[in-house]
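Work through the exercises below with the sequence and coordinates open. Each task is followed by a stepwise solution.

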Amino acid sequence: MGRKARLKRERQQQGQHGHRHLTDMSDTQYSVDKAKAKAAASRRSKIAALRREGNYDEDGEKMASSFDFDLTKRLLAYLRPYLPQTFGAIALLLVYSAIVPIFPFLLNLAIDRYINPTSEPFTNLTTDARINGLTWLVAGYMGLRALNFGLRYGYTYLVSWMGQHVIYDIRKQIFGKVQRLHMGFFDRTPVGRLITRITSDIDAIEMMIKDGVVGLVADIGLIIGLTVYMFSINWQLALITLAIMPLLFLTLNVLRSRMRDAFRAVSLRRSKSNSYLSENLSGMRTVQLFNREVRNQAHYDQLNLDLLDARLEQVRWFSLFFPAVQFTGAISIALILFYGTSQILSLSQSAVTIGVLTAFIQYSFMFFRPLQDLSDKFNIIQAAMASSERIFGLLDTPEVVRNSEDAQLFDGFEGEIEFDNVSFAYQNDEWVLHDLSFVIEPGQSVAFVGHTGAGKTTIISLVSRFYDVQRGAVKIDGKDVRDYDQNDLRKHVGIVLQDPFLFSGTVASNITLGNDAIAREQVIEAAKFVNAHEFIEELPQGYDTPVRERGAGFSTGQKQLIAFARALVQNPDILLVLDEATANIDTETEELIQDALEKLMQGRTSIIIAHRLSTIQDVDRIMVMRKGQLIEQGNHFELLEHDGYYRKLYELQYQERPTA
Amino acid sequence: MRQTMQDLFQYVKRYPRRFYRGITFLVISSITTTFAPRVVGAAIDSLSSGTMTMQRVWFYIFGVLAIIGTAGWAMVMVRRTILNASWEIEFDLRHDLFQHFSNLSGTYYDNHRIGDLMTRLTADLNSVRMMVGVGIFMGVNTLLMILFTLAQMATLSIGLTLLTLLIIPVITLTFFYLLRIIHRRYERVQEQLSSVSAMAQENFSGIRVVKGFAIEDREMRTFRALNDEFIRRNLSLTRVDGPLFPLMEVLFGSAISLLLLVGGRYVIGAGGDLTIGGFVAFVLLFEGIQWPVIAMGWIGNVVQRGITSWGRLKEIFDEKPDIADSDMTNYNLTDIHGEIEFRHVSLYIDGMTLLDDVSFRIDAGTNLGIAGRTGAGKTLIVNLLTRLVEPSSGQILIDGRDIRSYPLEVLRRHIGLVPQEPFLFSDTIAENIAYGIPERGDKDAMLEHARDIAKLVQLDGDVIDFPAGYDTSLGERGVTLSGGQRQRTAMARAIIRDPSILILDDALSAVDTQTEANILEGLREVAQDRTTLVVAHRVSAFQHSQHIIVLEHGRIIEEGSHANLIARDGWYADMNRRQQLEEALEAA
């Protein structure tokens with residue numbers, strides 16, 4: 001919205017001020033044609049700002065422009081396993097580059113010897129001998145072409161193979177690293193950022209290896225090859241042909257940098273426009289309820305007009321690129337013609353022949369391509385620097401929760417859990433647990449109750465060693481959890497989370513979590529045990545029903561039951577259940593869940609954090625938490641008699657029962 | 001195909017001047033370009049026959065420079081006319097799409113995943129733009145180039161020209177098919193890449209399960225398997241796109257070989273008469289159409305993809321909004337006072353009865369409470385009133401008139417809705433609050449106004465603690481609001497519009513009781529002369545409601561004032577008791 005339009009609108013509004021309903025009538029006066037015309041009129045004056053914009057990335061950070069030697073070294077180290085392929089590719093590339101300049105030379109020979117012979121002994125050849133010679137030359141020409149096809153295909157394939165494997169390695173490394181990082185890392189790192197590392201940052205590195213480094217070698221190889229041939233054929237003409245190249249290189253560099261600036265502005269503005277559209281599509285109901293259609297249209301148009309500015313700027317410079325190359329070519333031809341003519345006219349036996357002239361015209365054109373690309377290669381390498389810096393930053397993140405040196409293998413737990421003066425904070429000094437101590441006997445079931453923020457969830461996280469405690473120790477079977485192998489520990493501790501996370505796959509694969517060693521019978525048995533079998537059977541494809549991302553289409557209750565089956569099928573020695581769901585679960589499913597829970601807890605050490613007090617009535621012990629401390633404990637009846645916090649909680653929920 | 005061309009021509013014809021000019025420049029550029037080799041050829045002939053002098057060489061030099069200069073200038077103009085027009089057309093397409101999207105109703109958005117929609121849209125817009133811009137420009141360019149080059153060639157040697165005519169289709173078709181295979185394999189690579197990122201995304205989001213069940217190794221294996229497939233597909237792509245340029249070299253190498261062989265014979269004098277200059281000119285002409293010949297194969301693909309994409313965009317354009325103004329609409333209605341009546345309203349969706357014969361009536365300026373369990377149909381009443389949904393039977397009246405007689409724009413302007421999970425935009429807090437009021441030139445006044453309302457809903461205290469106060473951005477690049485803050489922002493957003501009907505759809509579920517009481521007190525001042533609908537789970541939210549209805553399974557099971565309902569000792573009274581206990585507990 002321009003300033004004029006705004007002023008106009010403001011005046012209109014002032015007229016209406018004081019009325020109860022402010023009308024949006026001015027919105028309907030928006031005209032896209034006027035907006036376009038306005039944008040077109042001011043396009044020129046916005047170019048400087050557009051170019052500046054190209055220097056910053058999406059977060060408004062200045063684009064890195066420095067070439068970092070250490071980063072490069074670390075990146076190149078990824079090529080080490082593929083040294084044979086790397087050197088193979090480079091060898092093929094060099095042979096190829098050495099052959100390419102032969103073709104104009106062969107054309108030169110064909111003209112000067114057979115087609116239009118100017119010197120002894122070729123002037124004396126018979127027509128048949130000339131045709132014969134020409135045929136042989138062409139055969140050689142074709143042969144080399146075929147060879148070059150193989151060489152170029154070969155090195156292209158090798159380079160791509162190499163690039164693929166390198167990014168495979170890096171991607172695997174990042175993924176593995178993420179698997180080893182502690183939970184605290186995920187609490188403060190958005191998933192989106194990790195995805196960027198594994199997608200676009202890696203792409204930049206692949207580009208660098210495939211197009212950047214190898215392309216650079218190819219371009220430089222070709223430039224050297226061409227220069228050598230040109231100088232060996234005729235050094236004066238070579239100098240004349242090359243004279244124009246620095247000028248071309250500089251011109252193209254300027255054009256490239258303008259195009260790059262415009263391109264950056266394009267991608268920034270395009271992503272702005274796309275995210276605006278995406279947001280509007282997601283919130284379209286709100287847009288419509290608030291009558292924002294026209295105004296948002298105007299805003300969206302404005303974003304796209306900005307994008308259009310950048311596009312047109314890009315076209316402006318891009319349109320000059322090839323004509324500039326062509327015109328430089330014309331200058332080359334002119335120079336070659338001029339020098340050639342002066343040579344041929346002034347000397348009777350000149351080294352410059354028509355064949356040589358033709359060859360040099362072709363050489364000058366062949367020189368352009370690597371020259372055009374060269375500056376682009378540097379850009380690609382530079383872009384990869386920023387990405388690799390971010391990737392290495394992730395790979396270098398310290399792993400806080402690690403296996404101790406002398407972690408031993410073991411077969412399973414008895415199941416005794418002890419908190420020994422545990423204090424814990426997620427952040428700095430914000431203590432969630434204060435000096436907490438308790439012991440749970442093997443096979444005992446314990447429930448934690450209390451308000452949100454009392455520290456119940458933390459207890460479960462600590463038993464699974466998602467975090468390490470700051471003070472005290474969490475012990476299982478008398479041994480600090482930090483002394484077990486993390487994997488072993490968690491394999492024997494079954495956990496059911498509050499928001500049951502389903503992976504895409506099938507219902508069965510969500511229960512086995514992809515472990516093929518678990519037979520279908522076991523899956524069904526577990527599902528039956530936790531009351532999930534019935535509803536799974538009713539699904540269109542039973543256990544093989546596909547599950548979409550995040551389990552869309554399944555109700556919370558169903559997801560919960562699947563999560564129970566998932567925990568049960570692992571046959572854990574210790575069971576941890578987070579079941580604070582206040583969510584919309586219908587009565588029937590709720591009963592199934594409660595029944596399943598009771599069965600699950602039988603005979604194994606269990607910690608349950610439950611919202612439904614009816615669920616926990618049957619546990620051996622109930623611990624009431626408040627602000628990170630244990631305030632009451634005992635079984636249901638003891639606590640009721642005690643007439644404390646628990647009793648009030650109970651009364652509250654008891655009231656709820658009849659209507660639930 | 002014809003339909004697509006007709007549809008798209010609607011866009012092309014908005015820029016007649018650019019396309020005419022562009023095509024004129026194309027003709028200039030291709031004619032001149034094909035003359036350059038002739039000049040070089042003539043120069044060589046002149047050298048060969050000994051007629052060249054140092055004066056004459058200048059003629060050739062300027063000839064080459066002038067011709068290529070003109071061709072280059074024309075090419076610059078071509079791109080700046082036709083390519084620019086194609087970007088303008090993309091702008092127009094985006095504009096039209098947005099306008100269309102703004103008119104589609106909620107059900108469309110319920111049935112489409114926005115992520116998928118966006119991916120498809122961006123890809124399709126690009127393909128269509130490519131067809132309209134690059135397709136036209138390159139298509140005309142290559143045709144003209146080939147035509148003029150052939151004409152030039154024919155004046156040099158008929159035999160060699162016929163040979164060229166044989167070679168061109170072979171090369172073009174080879175590239176057309178190769179590029180098509182490449183594109184298909186490229187799409188398969190992209191598909192696999194999205195599987196890889198989807199798997200990573202899932203793993204990262206579900207990291208608690210992954211770690212909790214110690215399945216990191218298995219996840220690593222799955223990830224590796226996906227990546228193996230990714231490499232396999234990539235290499236299969238490389239196998240077809242790797243040979244692209246080598247193949248080009250070898251095909252054109254063969255063509256040049258043939259020209260050398262046949263053309264050489266002509267020059268030598270066996271079977272034809274061609275000068276050496278003519279021969280060189282011919283070779284240069286042939287090299288000049290290398291790209292156009294390949295480009296034809298490429299354009300074929302661009303057009304194919306463009307047509308498919310336009311088909312998909314057309315599907316979107318053909319989508320009709322299911323709730324819109326109709327012939328029932330009376331455009332003279334511009335005001336709403338706020339009397340609301342539901343007459344035997346029922347709603348059935350997919351054979352399920354969601355609302356069953358709901359009837360009630362409230363006067364303008366009164367406060368109606370709506371209570372009931374989750375899924376009882378409370379939000380449906382709100383959606384019916386804002387016309388996000390239409391009733392299956394029965395009638396809804398506002399100020400005694402059927403709701404459908406109000407223009408949608410008028411209806412929505414007079415209703416302020418605060419949903420339970422409000423959608424806020426990634427803009428500043430001030431802009432979010434002022435979302436529904438007309439833009440003002442005076443930023444400070446707007447801010448002042450927004451702040452007044454924010455104070456009313458107890459939001460101001462939170463906002464001033466943010467890094468940039470009311471100018472703090474929300475969303476990815478800004479702060480993340482808590483549930484309660486979001487609700488209060490949404491409430492401010494609704495109140496600032498000064499609506500006749502204010503609807504709070506469980507809008508205080510995420511704020512504590514004390515804040516709730518303060519907000520309700522504040523609301524009482526501004527709500528005096530407007531109709532207020534309060535949907536809530538807490539009795540405390542109904543303290544200002546004159547009338548309360550209780551829904552269960554889509555039916556009204558109890559209604560009356562707070563006191564009435566307590567006296568009835570039914571569902572409502574039960575809820576009241578429970579909540580009093582809860583309060584006692586909080587206090588404990």
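Predicted model: local features only at pLDDT ≥ 70, side-chain atom pairs only at ≥ 80, totals over all residues.

**Exercise 1. Domains of chain A**

Task: State how chain A is divided into domains, and describe the contact of domain 2 of chain A with domain 3 of chain A.

Solution: 
- Step 1. The assignment gives chain A a domain 1 made of 34–61 + 235–351, a domain 2 covering 64–233 and a domain 3 covering 417–659.
- Step 2. Taken over C-alpha atoms, the centres of domain 2 and domain 3 of chain A are separated by 58 Å.
- Step 3. In the contact, 4 residues of domain 2 of chain A meet 4 residues of domain 3 of chain A.
- Step 4. On the domain 2 side of chain A, the classes are 1 nonpolar, 2 polar and 1 charged.

**Exercise 2. Domains of chain B**

Solution: 

**Exercise 3. A helix pair in chain A**

Task: Are α5(A) and α9(A) roughly parallel or roughly antiparallel? Identify the residues that meet.

Solution: 
- Step 1. Helix α5 of chain A spans residues 83–99 and helix α9 of chain A spans residues 191–233; their axes come within 8 Å and cross at roughly 30°.
- Step 2. Angles under 35 degrees count as roughly parallel, so α5(A) is roughly parallel to α9(A).
- Step 3. The crossing of α5(A) past α9(A) is right-handed.
- Step 4. From α5(A), the residues A:A89, A:I90, A:L93, A:L94, A:S97 and A:A98 take part, and they meet A:V214, A:V217, A:A218, A:G221, A:L222 and A:G225 of α9(A).
- Step 5. This contact of α5(A) with α9(A) has 9 nonpolar, 3 polar and no charged residues.

**Exercise 4. A helix pair in chain B**

Solution: 
- Step 1. The class division for α6(B) with α9(B) is 12 nonpolar, 3 polar and no charged.

**Exercise 5. Strand pairing in chain A**

Task: Describe how β1(A) pairs with β2(A) and with β4(A).

Solution: 
- Step 1. Strand β1 (residues 417–425) and strand β2 (residues 431–440) of chain A are antiparallel, with 6 bridges.
- Step 2. A:V422 has A:L436 in β2(A) as its bridge partner.
- Step 3. The two strands β1(A) and β2(A) make a hairpin with 5 residues between them, and A:N428 in the turn has a positive phi of about 35°.
- Step 4. Strand β4 of chain A (residues 471–476) also pairs with β1(A), in the antiparallel sense over 5 bridges; here A:E418 has A:K475 as its bridge partner.

**Exercise 6. Two sheets in chain B**

Task: Find the strand order and edge strands of the sheets of 4 strands and 6 strands in chain B.

Solution: 
- Step 1. The open sheet of 4 strands runs β2-β1-β4-β5 in chain B with antiparallel pairing; its edge strands are β2 (352–362) and β5 (401–402).
- Step 2. Strand β4(B), residues 393–398, is joined to β5(B) by 2 bridges, and B:I398 stands opposite B:R401.
- Step 3. Helix α12 of chain B (residues 378–385) lies across β1, β2 and β4 of chain B, at about 115° to β1(B).
- Step 4. The open sheet of 6 strands has the order β6-β7-β8-β3-β9-β10 in chain B, with mixed pairing; β6 (415–418) and β10 (555–560) are its edge strands.
- Step 5. From one strand to the next, the twist of this sheet of 6 strands averages 15°.
- Step 6. Strands β7(B) (501–505) and β8(B) (531–535) run parallel and share 5 bridges, with B:I503 partnered by B:L533.
- Step 7. Helix α17 of chain B (residues 483–495) packs on the sheet, where it touches β6 and β7 of chain B, and its direction makes about 180° with that of β6(B).

**Exercise 7. The contact of the chains**

Task: How many residues does each chain bring to the contact, and which helix of chain B gives the largest share of its side?

Solution: 
- Step 1. Chain B brings 113 residues and chain A brings 121 residues.
- Step 2. Helix α3 of chain B (residues 54–103) gives the largest share of the chain B side, 24 residues.
- Step 3. By class, the side of chain B has 58 nonpolar, 31 polar and 24 charged residues.

Key: Residues numbered from 1 in each chain as written. Chains lettered and ligands numbered in written order. Axes fitted to C-alpha atoms, helices over the stretch in contact; angles between N-to-C directions. Parallel < 35°, antiparallel > 145°, perpendicular 65-115°, else oblique. Left-handed = near helix turned anticlockwise from the far one by under 90°. Contact = placed C-beta atoms within 7 Å. Nonpolar A, V, L, I, M, F, W, Y, C, P; charged D, E, K, R; others polar. Pairing = 2+ DSSP bridges. Domains from an automatic or database assignment.
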